[in-house]
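Please prepare a briefing on the secondary-structure packing of this protein and on a few selected residues. The sequence and the model are shown first.

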Amino acid sequence: MAVRGPALAPSTLTCRPVEPVGPTGRGVSLEVVLLFVDIAVDALGAAREEIDALNVYPVPDGDTGTNMYLTVSAARDAVREATGGDPGADLGEALAAFSRGALLGARGNSGVILSEMMRAIARRLARSAPQERNAEVLAEALRQAADAAYAAVGTPVEGTILTVARAAAEAAEATREDPAARTRDVFTGAAEAARAALARTPGQLQALADAGVVDAGGRGLSVVLDAAETALTGRRPEAVLPRIGRHAIPVTTPTTGAGQPPGADLTPGGPSYEVMYLLDTDAERVPALRERLAGLGDALVVVGDERLWNVHVHVDDVGAAIEAGIEAGRPHRIRVTHFHDQLTQQAAQQEREAARPREGRCVVVVSAGPGLSALFGEAGAVVVEGGPGRRPSTGDLLGAITGCGAQEVVVLPNDGDSVRAAQVAASTATQDTGVRVAVIPTQAQVQGLAALAVHEPGRGFDADVLEMTATARHARHGAVTVAARQAMTMAGPCEPGDALGVVAGDFAV
């Protein structure tokens with residue numbers, strides 16, 4: 001049966017250290033991969049607003065933190081969907097799911113680069129042999145990740161996420177020279193080097209020095225490496241205050257970027273649009289695509305392998321960028337962002353949020369079917385569609401929390417695999433809007449129904465949450481499901497297609 005990792009609040013990034021040793025005694029275990037992705041998503045969720053505020057290069061569109069957060073969230077959701085959170089699942093399948101999730105979910109310039117780095121690490125881990133030292137495998141993985149990042153970018157620029165990645169890789173390779181070095185030593189050295197490299201980025205890129213900030217993408221990568229160190233050591237690294245000379249750099253109050261007024265020049269003479277799409281094509285067609293897109297604009301990143309590629313570029317001629325994809329293969333999931341409109345919409349949204357009074361209490365529930373949705377809706381809840389095979393994303397839940405207009409929100413995920421997404425959405429909503437949010441970790445639909453039955457808006461918020469939580473915990477629940485793969489359960493072995501009886505999350509029949 002599936003064993004899920006510990007629930008970690010974004011503000012409490014401490015954990016039991018895990019040495020990533022596989023069942024053979026060598027290699028990286030799935031347990032540490034699952035722990036890392038949870039901590040990384042939580043950490044990026046907590047730092048998202050700060051990273052967005054740092055975003056001044058290549059375009060000050062204020063979304064780097066959000067894009068990197070969504071990218072890692074997609075990879076996390078994919079690996080948990082593939083494994084059910086079971087650390088005993090197949091590591092190769094989990095890493096393949098992680099890679100594909102990162103590729104499909106990559107957003108923005110830094111998000112696409114980060115996805116390619118994570119995919120390079122996953123590929124190296126999948127190739128690890130039982131006789132290899134963990135420290136050597138991870139050091140090589142970080143080097144290959146840095147190389148992949150540089151290779152993905154049309155015109156590499158120093159003082160960005162690329163510089164931070166290279167510094168981390170060099171430190172990892174230096175650490176592995178010690179025969180006694182362990183994986184945690186590799187990542188501790190890499191994370192420390194990344195923080196130091198991040199502090200130097202304003203001296204390498206004039207746009208950062210002018211704004212008085214460090215690079216946003218580099219900061220996001222540093223957060224991810226810190227998450228890896230936390231997963232392996234149980235320690236949360238202390239943030240290093242970047243400096244130019246003897247002067248500290250503010251990392252949350254840039255003089256330009258997300259706070260610049262709509263209509264101001266984004267980048268003098270720079271492209272006006274961001275174009276992204278997934279592309280089905282053969283690898284041999286990609287070099288010609290890169291060359292064509294490089295002539296149309298900048299911030300070009302093309303990543304992928306075999307038949308699926310993720311394309312990102314900043315251009316003035318949107319049609320030509322899409323036509324280049326059509327000539328190379330089949331583009332789909334096309335997204336076009338006009339930078340000026342994006343900043344204008346962000347400013348307008350902030351004004352609307354500030355002007356709209358929030359009042360009352362709302363319950364947001366995840367429903368597994370139309371009949372249940374009707375029941376929840378009749379009880380006055382805001383329903384987010386979910387269930388096996390269509391679990392809601394963090395963004396879906398965040399939209400429901402912020403869109404309901406209430407000052408107090410109770411979230412009922414009604415599914416163990418949706419609890420994590422609900423907690424991250426709740427934390428993000430509180431940071432962005434000041435809404436008071438409580439997540440009751442309901443594991444089944446009937447628990448959500450029981451909690452909603454005793455919901456009383458006239459009670460104090462804490463008292464209402466306490467009563468709903470107690471009622472949900474006392475609701476007994478069972479289910480009948482079908483085995484998706486061969487496994488050993490509490491009721492004995494099962495094969496794909498077997499009917500399984502579940503009581504309170506444990507397989508009973």
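**Parallel sheet**

Strand 9 and strand 10 run parallel and are joined by 4 bridges; two strands pair if DSSP finds at least two bridges between them. Helices (H or I, at least four residues) and strands (E, at least two) are DSSP runs, numbered from the N terminus. The model is predicted: local features need pLDDT of at least 70, side-chain atom pairs count only at pLDDT 80 or more, and totals for chains, interfaces and linings use all residues. Residues are numbered from 1 along each chain as its sequence is written, and side-chain values use heavy atoms, with hydrogens and water left out.

- Valine 411 has valine 439 of strand 10 opposite it.
- The open sheet comprises 4 strands in the order 8-7-9-10, with parallel pairing.
- Strand 8 (382-385) and strand 10 (436-439) are the edge strands, each pairing on one side only.
- On average, neighbouring strands of this sheet are turned by 20° against each other, direction ignored; axes are lines fitted to C-alpha atoms, for helices over the stretch in contact, and angles run from 0 to 180 degrees between N-to-C directions.

**Helices around the parallel sheet**

- Helix 13 lies across strand 7 and strand 8 and runs at about 175° to strand 7.
- Helix 14 (residues 394-403) packs on the sheet and touches strand 7, strand 8, strand 9 and strand 10, where contact means heavy atoms within 4.5 Å. The direction of helix 14 makes about 170° with that of strand 8.
- In helix 16 (residues 445-453), the buried residues are Gln445, Gln447, Gly448, Ala450, Ala451 and Leu452; buried means under 20% relative accessible area, exposed over 50%, and partly exposed in between (1.4 Å probe, protein chains only).
- These buried residues of helix 16 pack against strand 7 (361-367), helix 13 (370-378), strand 9 (408-412) and helix 17 (461-473).

- Strand 3 (residues 273-280) pairs with strand 5 (residues 308-315) in the antiparallel sense over 8 bridges, and leucine 279 has tryptophan 309 in strand 5 as its bridge partner.

**Helix 1 and helix 2**

- The axes of helix 1 (residues 30-54) and helix 2 (residues 64-83) come within 8 Å and cross at roughly 160°.
- Helix 1 and helix 2 are therefore roughly antiparallel to each other; angles under 35 degrees count as roughly parallel, over 145 as roughly antiparallel, 65 to 115 as roughly perpendicular and the rest as oblique.
- Residues meeting across the pair include Leu34, Val37 and Val41 in helix 1, and Met68, Tyr69 and Val72 in helix 2.

**Selected residues**

- Valine 186 is found in helix 7 (residues 183-200) and is buried, with a relative accessible area of 0%.
- Not counting residues up to four places away in sequence, valine 186 touches Ala135, Leu138, Ala139, Leu142, Ala172 and Thr175.
- Threonine 489 is placed in strand 12 (residues 487-489) and counts as buried at 11% relative accessibility.
- The side chain of threonine 489 reaches the backbone nitrogen of alanine 491 at 3.1 Å and the backbone oxygen of glycine 492 at 2.6 Å.

Terms used
Polar contact = N/O pair within 3.5 Å; in protein donor to acceptor, adjacent residues only side chain to side chain.
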